[in-house]
Amino acid sequence: MNFRGKLVDTSQVVTVQTDGEKIAAIHRREAGDAIGGDDVWIAPAIFDVQVNGVGGINYKAKDLTVEKIVETAAWMHRTGTGLWCPTVTTSSEEDAVHGLALLAKACEESEVARASFVGFHVEGPYIASEDGPRGAHPLAHVRDPDWDEFQRYQEAAGGRIAIFTLAPERDGALEFIEKVAATGVIVSIGHSGASPERIQEAVAAGAQMSTHLGNGAHAELPRHPNYIWEQLAADALWAGIIPDGFHLPPAVLKSFYRAKGKERLCLVSDVASIAGLSPGIYGSESGLGQSELHANGKISLAGTPYLAGAGLFLDSGIPNAVRFTDASLSDAIEMTSINPARLLGIEDRVGSVDVGKEASLSLFRWEDGQEKLDVVATVVRGQVVYQAA
Ligand SMILES: [Zn+2]
């Protein structure tokens with residue numbers, strides 16, 4: 001198949017020719033049957049390492065099914081997201097194992113799930129109990145790290161857990177980090193109120209990332225030192241950040257971008273399961289109360305100013321990163337393609353538009369100032385999984 005568009009790094013118009021699952025050639029000649037066009041951007045598929053669910057389907061729901069999981073793929077592909085880490089958040093062991101086992105089953109039974117899910121992200125339950133850092137995670141299920149339980153999770157997931165978010169201040173966390181990191185899983189610091197010293201110890205033990213840095217934090221903190229500065233300054237830590245314009249004010253997003261550098265940042269949507277639905281009030285996911293999805297994509301705890309998850313996908317996050325920082329489109333795309341690929345150690349397979357790599361692409365129209373990408377097509381391993389009408 002042939003895909004036509006401007007490469008985001010050079011603006012050069014090319015035809016990307018695929019053969020089966022891979023990119024076979026990239027050349028300037030036109031191909032009559034190509035999807036895309038000279039006014040379309042052609043980028044590596046948007047890769048989002050934190051997706052809790054979408055379209056009303058939560059990856060930790062008790063009534064989750066393989067069919068519903070496959071349905072989430074269609075929702076994501078419409079946003080230009082081709083690759084993501086389904087994320088299972090704090091719950092009882094039974095519910096977490098249920099969700100992970102079904103996600104694994106979906107990968108075994110569905111080609112589209114197998115191609116799109118590049119590893120699972122488990123966020124919690126070994127996070128801070130305190131209000132603030134705990135965010136919307138249910139207190140009843142928050143607990144100390146348990147290596148045996150982690151192994152049961154990984155077994156249910158068929159070894160697909162790629163990122164594990166925890167709070168390093170929990171009892172036994174440092175030993176746990178060492179063991180988990182030794183298995184090749186990325187340990188990420190999140191929903192944590194750890195002291196700066198404990199952050200350093202976690203890094204020494206093998207933590208490699210910060211989950212949605214600047215969120216899942218106290219509303220008020222000592223100006224310095226504190227765990228946000230400490231993680232921002234730790235060069236060993238990658239950071240996931242939510243560029244929806246609500247979770248981090250534009251000035252914070254810009255400062256994080258400048259301080260961490262684009263090489264160590266991954267833009268994540270962290271979308272809640274009601275993302276993609278029409279604006280309105282929906283039942284509780286967190287047990288904290290109903291969630292209100294606003295027309296601008298913000299999700300709040302109904303009747304309060306408090307955020308209750310994210311409602312914007314990276315088709316908004318990428319333009320936001322360009323609007324709020326000094327990142328170019330190409331920089332923003334790197335933070336949603338090659339960076340997550342490097343984080344997970346799969347950059348030889350995915351993350352860029354290069355001959356020999358998997359043909360996973362996002363094609364979209366976008367002009368400077370536009371708040372959302374206008375997705376033309378999404379391609380995953382050579383298959384056109386979404387094409388705009
Ligand atoms: Zn979170």
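This note goes through a predicted model point by point, from the zinc site to the sheet and the helix contacts.

1. Basis. The model is predicted: local features need pLDDT of at least 70 and side-chain atom pairs count only at pLDDT 80 or more, while totals for chains, interfaces and linings use all residues. Residues are numbered from 1 along each chain as its sequence is written, and side-chain values use heavy atoms, with hydrogens and water left out.

2. Zinc site. The zinc ion has Glu 123 (OE), His 191 (NE2) and His 212 (NE2) as its protein donors, at 2.0 to 2.1 Å. Donors here are N, O and S atoms within 2.8 Å of the metal (3.2 Å for Na, K and Ca); water is not among the atoms, so the site may look incomplete. The donor spacing along the sequence is E-x67-H-x20-H. His 191 sits in the loop between strand S11 (186-189) and helix H6 (196-205), and His 212 in the loop between strand S12 (209-210) and helix H7 (227-233), so this pair ties together parts that are 21 residues apart in sequence. Helices (H or I, at least four residues) and strands (E, at least two) are DSSP runs, numbered from the N terminus. Both His 191 and His 212 are buried, where buried means under 20% relative accessible area, exposed over 50% and partly exposed in between (1.4 Å probe, protein chains only).

3. His 218. The loop between S12 and H7 also holds His 218. With 23% relative accessibility, His 218 counts as partly exposed. Its contacts (heavy atoms within 4.5 Å), apart from neighbours within four places in sequence, are Glu 130, Asp 131, Gly 132, Pro 133, Gly 193 and Tyr 227. From His 218 to Ala 96 the C-alpha distance is 26 Å, across 122 residues of sequence.

4. Ser 91. This residue is in the loop between strand S8 (81-89) and helix H2 (93-109). Ser 91 counts as buried because its relative accessibility is 5%. Beyond neighbours within four places in sequence, Ser 91 contacts Lys 60, Ala 96, Pro 125, His 141 and Arg 143.

5. H2 against H4. H2 packs with helix H4 (residues 147-156) at about 25°, the axes being 8 Å apart. Axes are lines fitted to C-alpha atoms, for helices over the stretch in contact, and angles run from 0 to 180 degrees between N-to-C directions. The two helices, H2 and H4, are therefore roughly parallel; the classes are roughly parallel under 35 degrees, roughly antiparallel over 145, roughly perpendicular from 65 to 115, and oblique for the rest. On the H2 side the contact involves Glu 93, Ala 96, Val 97, Leu 100, Ala 101 and Ala 104, and on the H4 side Glu 149, Arg 152, Tyr 153 and Ala 156. By class, this contact of H2 with H4 has seven nonpolar, no polar and three charged residues. Ala, Val, Leu, Ile, Met, Phe, Trp, Tyr, Cys and Pro count as nonpolar, Asp, Glu, Lys and Arg as charged, and the others, Gly among them, as polar.

6. H8 against H9. Helix H8 (residues 250-260) and helix H9 (residues 314-324) meet at about 85° with axes 9 Å apart, which means that H8 is roughly perpendicular to H9. Pro 250, Leu 253 and Lys 254 of H8 face Asn 320, Ala 321 and Phe 324 of H9 in this contact. Its make-up is four nonpolar, one polar and one charged residues.

7. Burial of H9. Because 10 of its 11 residues are buried, H9 is largely enclosed by the rest of the structure. The cover over the buried residues of H9 includes strand S5 (46-51), H8, strand S14 (265-267) and helix H10 (329-334).

8. Sheet. Seven strands form an open sheet in the order S3-S2-S1-S4-S19-S20-S21, with mixed pairing; two strands pair if DSSP finds at least two bridges between them. Strand S3 (22-27) and strand S21 (383-387) are the edges, each pairing on one side only. Strands S19 (residues 361-365) and S20 (residues 374-380) run antiparallel and are joined by five bridges. Arg 365 has Asp 374 in S20 as its bridge partner.

9. Two residues of the sheet. Val 384, in strand S21, is partly exposed at 28% relative accessible area. Asp 39 is placed in strand S4 (residues 35-44) and counts as partly exposed at 42% relative accessibility. Leaving out neighbours within four places in sequence, Asp 39 contacts Lys 6 and Arg 365.
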